[in-house]
Amino acid sequence: MIERLRLELDNGKLTEYEYHRALDKFLDGGNGEKILARHEIAEIVSENLLRYAGESYMLHAWVVMPNHVHLLLTAVQGSSIAAIMQRLKSYTAHAINKRLDRSGHVWGKEYFDRYIRSSTHFQNAAKYIEMNPVKAHLCREPEHWPFSSASRSLT
């Protein structure tokens with residue numbers, strides 16, 4: 001499915017926005033590899049997100065789902081989203097592969113970012129992120145999902 005969407009994007013049958021919307025829908029539907037469903041793997045990602053919060057980015061909301069991650073962050077001055085994502089993906093991929101005694105890709109090449117245009121948009125994005133596990137029927141309340149800003153205090 002992901003390969004088909006990528007091919008449609010590359011052939012001009014989908015816009016970048018349409019591609020990412022379809023990919024989000026696919027992943028939010030619980031499809032794809034569920035490497036992050038393993039507690040110890042989700043913890044690697046969660047701990048890494050929290051480790052650098054406040055240094056190169058301000059982390060506002062986040063969730064590690066079984067097959068993808070959602071983040072709401074603001075890059076601090078001197079940092080870029082591209083550099084932040086590269087560092088997060090690189091570190092966690094190495095740690096995950098080491099933990100699973102394997103090699104190869106863990107993350108997709110790209111990421112999809114959105115510009116937050118208002119406080120309402122910000123609040124809606126944070127709610128969407130934290131409600132993702134509830135929507136996926138992984139828990140009844142957002143704070144019950146252990147790999148989320150809804151269940152942890154960001155200090």
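1. Start with burial. Of the 155 residues in the protein, 37% are buried. Buried here means under 20% relative accessible area. Keep in mind that this is a predicted model.

2. Next, the surface. The protein exposes about 9,700 Å². Carbon and sulfur atoms supply 51% of that area.

3. Now the elements. The protein has five helices and two strands. Their order along the sequence is α-α-α-β-β-α-α. The radius of gyration is 16 Å, close to the 15 Å that the globule rule gives for 155 residues, so the protein is as compact as a globular protein of that length. Along its principal axes, the C-alpha trace spans about 45 × 45 × 40 Å.

4. Look at the two strands together. Strand β1 covers residues 57-64, and strand β2 covers residues 69-75. They pair in the antiparallel sense, over seven bridges. A hairpin of four residues joins β1 to β2. For a landmark, find tryptophan 62: it stands opposite leucine 71 in β2.

5. Is strand β1 enclosed or open? Count its buried residues. Six of the eight are buried, so β1 is largely enclosed by the rest of the structure.

6. Then the contacts. Take those between residues at least 6 apart in sequence. Of these, 55% join residues at least 24 apart.

7. Last, the charges. There are 20 positive and 18 negative side chains in the protein. The centres of the two sets lie 1 Å apart.

Terms used: Residues are numbered from 1 along each chain as its sequence is written. This is a predicted model: local features need pLDDT of at least 70, side-chain atom pairs count only at pLDDT 80 or more; totals for chains, interfaces and linings use all residues. Side-chain values use heavy atoms; hydrogens and water are left out. The radius of gyration is taken over C-alpha atoms; the globule rule is 2.2 Å times the number of residues to the power 0.38. Buried means under 20% relative accessible area, exposed over 50%, partly exposed in between (1.4 Å probe, protein chains only). Contact means heavy atoms within 4.5 Å. Accessible areas come from the Shrake-Rupley method with a 1.4 Å probe; for residues, only the protein chains shown count as cover. Lys and Arg count as positive and Asp and Glu as negative; His and the chain ends are not counted. The place of a charge is taken as NZ of Lys, CZ of Arg, CG of Asp or CD of Glu. Two strands pair if DSSP finds at least two bridges between them.
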